[in-house]
Amino acid sequence: MLNRFLQRAPENFLSREQIQEVRAGRRGFLAGVFAAAAGTVAAGQAVAQGAAAAAEGEPEILNLPPHSKGLGQPVAARGYGLPSEFEKNLQRRESPGLTRVSQASVSFCPLQGLFGIITPSGLHFERHHQGWWDIDPSKHRLMLNGSDEAMLKRPMVFNMDELMRLPSVSRMHFIECGANTGMEWGNAAVPTVQYTHGMLSCSEFTGVPLRTLLELCGADLKRAKFILAEGADGSSMTRTIPMNLVMSGEVLVAYGQNGEMLRPENGYPLRLIVPGVQGVSWVKYLRRIEVGDMPYGAKDETIHYVDLQPSGLHRQYTSIQEVKSVVTSPSGGQVLLQKGFHNITGLAWSGRGKIRRVDVSVDGGRNWTQARLEGPVLAKCLTRFNADFVWDGKPAIFQSRAVDETGQIQPSYNELRKVRASRSIYHNNAIQSWSLEETGEVKNVQV
C-alpha cells in the first residue's frame, strides 16, 4: 500500500553475509543496511511532491478507474479469502541467523504492518524445534495420567470429538517467545521491529480449561503441584506448568484460534495455552498431560530457556513474560517522508495482568508523555497505544515505557543489565529506542 507520509521498512533484505555478521556478533554492517534503505528516500520525496501537484486536480478522482465501470470477480471465487495482492509483501520472515536448521527455527511476525491487537493467523510467529506437521485430527489423542496411581483416579484418553463436545471458552491472549528481543542484549543487532520484537503474536483462543479435564479424571488437586505437558512432534517438547496457573482456570487445551481451527504451524489440532508464560510452555500438538508433585526438570527447562546471571549461575523456571512495550511505527527501517503530524503507535503487554499505562518519549527518555490506550485492555493480552507527534525535521528518539496493574515498570537497558549483565538470551523486556534522523530515516539504537 502506498503511503505518502511514511515509507515502509524494507523486507527480507539481510544477505547471507550479513546473517553471518549477526551470528558473529558484529554490528557494523547495520550502517550499510540502513544506507541501502535510504536510497529510496528520494523516490518517496518525489511521491510527496507529486501529491502536492495533483491537489489541483487529482487524476484518481477525475478519471474513473476500471473497477468503477465494470463487473468484479464473482462471489466465492476463492473459497478461503486471501490478502490483497498489494499487501503480499507483508509476511512473517525467517530468523536472520538465530538457528542453522529451518525445521528448528523461528519466523518473525511483521508487527510494523499490523493494526489493533489481533494477529492474523497466517502472520502468527512460529517457533519449531523439529518442524511443523499437519496432523490428522481423527487420529490425534490426548492422554491424561498421574505420576502415581493416587494422583489421578481415572486416567483418560480423549479424541478431538470428545474434547470439542465439552463446554468451551474463548479468550484473547498474547504469546511471546522467551527469546524475543534476545539478539539485542549486547547492542542493537537487527534493523526492524519485525526482527527485534517479532516473536510476539496475539489471538483469540478457544478450548476447554485444563482444570475441567483434570476434574473429570479425578485429579488430587490438593497434592498435585505441577503438570507436565508433552507435544507430539519429533522433539517431544515437554514443559512443567505450576498447578496454581491451572487452578486459576486460565490454562486452556485449545483447538480454536481467531474463530477457526488452529493452523498447522500453530499446533493443529491441539495445543496448550498458558497465558502470561513464555511461548515454549504453550506446547503444540499436545498429546499428554501428567500430574505430579514436583517440577519435572525437562531438557528445555534445565539446559535451555534459563537465564544467565552475571555471577555465572543460571535462573531456572523463570517463565513469566514481564511488562514490555515497543513502538511499531515509526520504527526501524521506516522513513518519514514529510514534516508535520505523525501518529506514534505500538503495543504493550505483561504476563502479570493488564497494562495500566504507557508513556512515550521522543527525546530518548528525558521527557515522557502518557499515551492513549485503545480498548479493549485485557489481562495478559496485547494493548494498542497511540500518541501524537509533530515532526519539525529535527532528530528524535522514540521510546515507550509500559506499567502493568501490579505496578511493574518496564526497565531501561542500563537498569536491566545491572541485574542481568549483557550476555543473556531470554526475557529481555528493556525499553526499545528508535532514532529518527533529519533525512526521515528511522534506525535501531540503544541509549
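Student: How many of the residues of strand E9 (residues 226-231) are buried?

Tutor: This is a predicted model, where local features need pLDDT of at least 70, side-chain atom pairs count only at pLDDT 80 or more, and totals for chains, interfaces and linings use all residues. Residues are numbered from 1 along each chain as its sequence is written, and side-chain values use heavy atoms, with hydrogens and water left out. Strands (E, at least two residues) and helices (H or I, at least four) are DSSP runs, numbered from the N terminus. Buried means under 20% relative accessible area, exposed over 50%, partly exposed in between, with a 1.4 Å probe and protein chains only; by that cut-off E9 is mostly covered, and the buried count is six of six.

Student: Which residues point one way from E9, and which the other way?

Tutor: In a regular strand the side chains alternate between the two faces of the sheet. Phe226, Leu228 and Glu230 point one way. The other way, also buried, point Ile227, Ala229 and Gly231.

Student: What is the bridge partner of Ile227 in E10?

Tutor: Two strands pair if DSSP finds at least two bridges between them. E9 and strand E10 (residues 238-242) have five, in the antiparallel sense. They form a hairpin with six residues between them, and Ser236 in the turn has a positive phi of about 50 degrees. Within E10, Ile227 is partnered by Ile241.

Student: Which residue in E14 stands opposite Gly231?

Tutor: E9 also runs antiparallel to strand E14 (residues 286-292), joined by six bridges. Opposite Gly231 stands Leu286.

Student: How many salt bridges are found in the whole structure?

Tutor: Side chains of opposite charge can pair when their charged atoms come close. A salt bridge is a side-chain nitrogen of Lys or Arg within 4 Å of a carboxyl oxygen of Asp or Glu. The search of the whole structure gives 19.

Student: Why does the salt bridge of Lys324 and Glu176 tie together parts that are apart in sequence?

Tutor: The side chains meet at 2.8 Å, N to O. Lys324 lies in strand E17 (residues 324-329) and Glu176 in strand E7 (residues 169-176), so the parts tied together are apart in sequence by 148 residues.

Student: Is Glu250, the salt-bridge partner of Lys380, buried or partly exposed?

Tutor: Lys380 and Glu250 meet at 2.8 Å, N to O. Lys380 is in the loop between strand E22 (372-374) and strand E23 (383-391), and Glu250 in the loop between helix H8 (243-247) and strand E11 (252-257), 130 residues apart. Lys380 is buried, at a relative accessible area of 10%. Glu250 has 22% relative accessibility, so it counts as partly exposed.

Student: What is the angle between the planes of Phe108 and Tyr195?

Tutor: The structure holds four aromatic pairs. Rings of Phe, Tyr and Trp (its six-membered ring) pair if their centres lie within 6.5 Å; planes under 30 degrees apart count as stacked, over 60 as edge-to-face and the rest as tilted. Phe108 and Tyr195 are both buried. Their pair is edge-to-face, with 5.5 Å centre to centre and a plane angle of 65 degrees.

Student: Where does Arg401 lie?

Tutor: A charge sits over a ring if NZ of Lys or CZ of Arg is within 6 Å of the ring centre and within 35 degrees of the ring normal. The charged end of Arg239 sits over the ring of Tyr305, 5.7 Å from its centre. Arg401, at 4.1 Å from the ring centre, lies over the face of Trp368.
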